[in-house]
Amino acid sequence: MKRTLFVTLIGLTLASNTYAVRPFITDDAAITGRRQFQLETWALFDKFSGQHWSMLAYGPHKHLEVAIGAVLGYDQPQIGQTKFSYAMPLLEAKVLFREYQSGKAPGVGLVTGTFLPSGKGEFVAPGYGAYSFLALTQCFGENEDVLIHGNIGVNYLYTNNRNQYTAVWGFGTQIRAYKGLHLVGEIIAGDPYVPGTGLAYQAGVRYFISDLVQVDATVGQGIAGENKVPFWGGFGLRYVMTRFEKKHLTKIQ
């Protein structure tokens, strides 16, 4: 599993409220703002491994986000045996067709990516593959009091001289509880970053320090499937860097 939580460092200036919020496997129909960078780093732990994920995203256009990521940590292939593992790069692009707004039609986005099979240890993808899914977000309340996200798509993997296709879907929600504190939860079947993941749930809390800073913590567990995921807990950080204007770049140069 992956996306479990993010916190940022420090916001520089106020920016748009439309950011991709991705501690969960279920993605939302929102992207990093134009000419802005977003750094997400999160960690999760289960009885077999400890994982540290990082994703750096950039918005070259108000309707496009591109991202690169990696994971490193340790795994325990056998009892009493611990090995370092890492995998990279994860490459991803999201196209936003329509932003979500309160009381309006759902926001719509399309996510496509690939996790190249390079690295060391258990985290390395078992073959060349790609994933693509449609992301929908419905908003209720002027202050985004309730957000409902839905994903549906497919994961492709070429391994052992075979083409494998697996359906992936997710349904998640975020509910404002008190000021910046939100309750979050989801249920997913398949993880685009981790092929073969079965049915699982995840739940926790998220706190908005500002539009640029968010923190959250979650727990989750596999419910069914051939590769049932063990109970895990996660936390992490998120940082949105606002764009630099040309006049600022001129001064720096």
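**Salt bridges and a buried strand residue**

Modeller: This is a predicted model. We may begin with R176, which counts as partly exposed because its relative accessibility is 30%.

Colleague: Which side chain does R176 meet in a salt bridge?

Modeller: R176 pairs with D145, at 3.1 Å from N to O. The pair links distant parts of the chain, 31 residues apart: R176 is in strand 9, and D145 is in the loop between strand 7 and strand 8.

Colleague: And D145, buried or partly exposed?

Modeller: D145 is partly exposed, at 28% relative accessibility.

Colleague: How many salt bridges are there by this rule?

Modeller: The count comes to 4. One of them joins D28 and K94, at 3.4 Å from N to O. D28 lies in the segment before strand 1 and K94 in strand 4, so this pair ties together parts 66 residues apart in sequence. Both D28 and K94 are buried.

Colleague: Which residues are linked with K94 in a network of salt bridges?

Modeller: D27 and D28 are linked with K94 in that network.

Colleague: Turning to D216, where does its salt bridge lead?

Modeller: The side chain of D216 meets that of R206, at 3.4 Å from N to O. D216 is in strand 12 and R206 in strand 11, so the pair ties together parts 10 residues apart in sequence. D216 is buried at 4% relative accessibility, and R206 is buried with a relative accessible area of 4%.

Colleague: Now V111: what does it touch beyond its sequence neighbours?

Modeller: V111 lies in strand 5 and is buried, at 0%. Its contacts include D27, K94 and A93. V111 and A93 are 18 residues apart in sequence and 5.9 Å apart, C-alpha to C-alpha.

Technical notes
Residues numbered from 1 in each chain as written. Predicted model: local features only at pLDDT ≥ 70, side-chain atom pairs only at ≥ 80, totals over all residues. Heavy atoms only, no water. Helix = DSSP H or I, 4+ residues; strand = E, 2+ residues; numbered from the N terminus. Buried < 20%, exposed > 50% of the residue type's maximum accessible area, 1.4 Å probe, protein only. Contact = heavy atoms within 4.5 Å. Lists of a residue's contacts leave out its neighbours within four places in sequence.
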